[in-house]
Amino acid sequence: MANILKGKKIILGITGSIAAYKACHIIRGLIKRDAEVQVVITPAGKEFITPITLSALTGKPVISEFFAQRDGTWNSHVDLGLWADAMLIAPATASSIGKMANGIADNMLITTYLSAKAPVFIAPAMDLDMYAHPSTQKNLEILRSYGNHVIEPGAGELASHLIGKGRMEEPEKIILHLEQYFAFKEGDLVGKTIMITTGPTYEKIDPVRFIGNYSSGKMGFALADECAGRGAKVILVTGPVQQTTHFPMYRYHEVESARQMYDVAYALFKEADAAILSAAVADYTPEEVADEKIKREKTGGMTLRLKPTQDIAAALGKLKDATEKRKILAGFALETNDERHNAESKLNRKNLDFIVLNSLNDEGAGFRCDTNKICIIDREGTTDYPLKSKVEVAKDIVDRLVKILSIVN
């Protein structure tokens, strides 16, 4: 997945809330993503979590007071505001929200906020009644009108009277807000819509049986997150899988059969600038589907008559030439013999811009694995890659997509 927060300088403001302990999880998540974190904490915040703990996590002294020592050394809120790529205030109490909305600069955190040139993200934390109070809601609206990003607190799975809507959003979701902001501002796929198909298809024999394959959808979901992490609007069309994405999808469609995947992909391809077809779509489907479960005692043996499914890649390959704007189409080829010959043939027959080849003969590649070993083939030649995690493979594939998009556009 694209590491959009790498190298970002982030001020983490902590106020006097019981949720201050979650700041440790936020710091760990940001550091894990290679961001640089500087904590600014209010005097009340230090009653809930110690600066020593925070400093140990960030590797930086925690800033709380205007004057660091009694010798005239002072902390410049102006310099901090210029240093940061983003400011995140989490948790943000009703008191601090009120001060920010009304410019009451009585501590280091509020003065830093007022000096910040970078985008500001605010995660409220308080009880439900305080959060719902008209004055709090008015202050939040004021902060939004200033261009701040208010991360609405989640109510969780339980009823709001048990958890409360004033509860601070979870650390991973808070970090996701920052990732999305920078992805849609700086990513190399900003302004592009990418459609991705993934997973297997199930072709019904009767209400309880089907013809399927071992595809887990891991490769396609890694591609979806990589594209979204670079700022693309992602249309994800997936067969039956047990996967989730890190980033929210622009559109998410669950299908079961090859026919359903064909219908959805064909209809939505017109919205896309590019499509990556990584789904393991069945080549054949039963001619007839029984309305009731087929009983072994009644049939003894069973003969299935199969008919070809509609070829999604071939159909989109024809459709892309009929569109006004040049579209990019990439496919996958999972082979067991004559790998390169078969992949090159598929590239040409289906009018693809490039094809990703992997072989079941390569250990660690193919279905159900967390790794993959691929070769990318286009009109110019082939590029071989070593065995990598599917997350890293997704980066290689999307790098190629970005390169081609930059040429045709």
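These legends go with a few close-up views of a predicted model.

**View A. The largest pocket and what sits around its centre.**
Here we're looking into a pocket of about 990 Å³, the largest one. Its lining takes in 43 residues, and Ala279, Ala280, Val281, Phe332 and Lys346 are the ones nearest the centre. Sorted by class, that lining comes out as 17 nonpolar, 17 polar and nine charged residues.

**View B. Helices and strands that build the lining of the largest pocket.**
Strands E6 (193–198), E13 (306–308) and E14 (328–335) each put in at least two residues, and so do helices H9 (218–229), H12 (312–321) and H13 (339–349). E14 gives the largest share, with five residues.

**View C. The second largest pocket.**
This one holds about 250 Å³ of space. Its lining includes Arg326, Asp353, Asp378, Arg379 and Glu380, along with Arg400, Lys403, Ile404, Ile407 and Val408. Helix H14 (residues 390–408) brings the largest share, five residues.

**View D. The open sheet, strand by strand.**
Eight strands with mixed pairing run in the order E10-E9-E6-E11-E14-E15-E17-E18. Strands E10 (251–254) and E18 (381–384) are at the edges with a single partner strand each, so one side of each has no neighbour in the sheet. From one strand to the next, the twist averages 15°.

**View E. Zooming in on E6, E9 and H12.**
E6 pairs with strand E9 (residues 233–238) in the parallel sense, over six bridges. Thr197 is found opposite Val237 of E9. Helix H12 lies across E6, strand E11 (274–277) and E14, and runs at about 160° to E14.

Notes:
Residues numbered from 1 in each chain as written. Predicted model: local features only at pLDDT ≥ 70, side-chain atom pairs only at ≥ 80, totals over all residues. Heavy atoms only, no water. 1 Å grid on protein atoms, 1.4 Å probe; cavity = no way out; pocket = protein on both sides within 12 Å on 5 of 7 lines; lining within 4 Å. Points joined across faces, edges and corners; volume = space filled by probe spheres on them. Helix = DSSP H or I, 4+ residues; strand = E, 2+ residues; numbered from the N terminus. Nonpolar A, V, L, I, M, F, W, Y, C, P; charged D, E, K, R; others polar. Pairing = 2+ DSSP bridges. Axes fitted to C-alpha atoms, helices over the stretch in contact; angles between N-to-C directions. Contact = heavy atoms within 4.5 Å.
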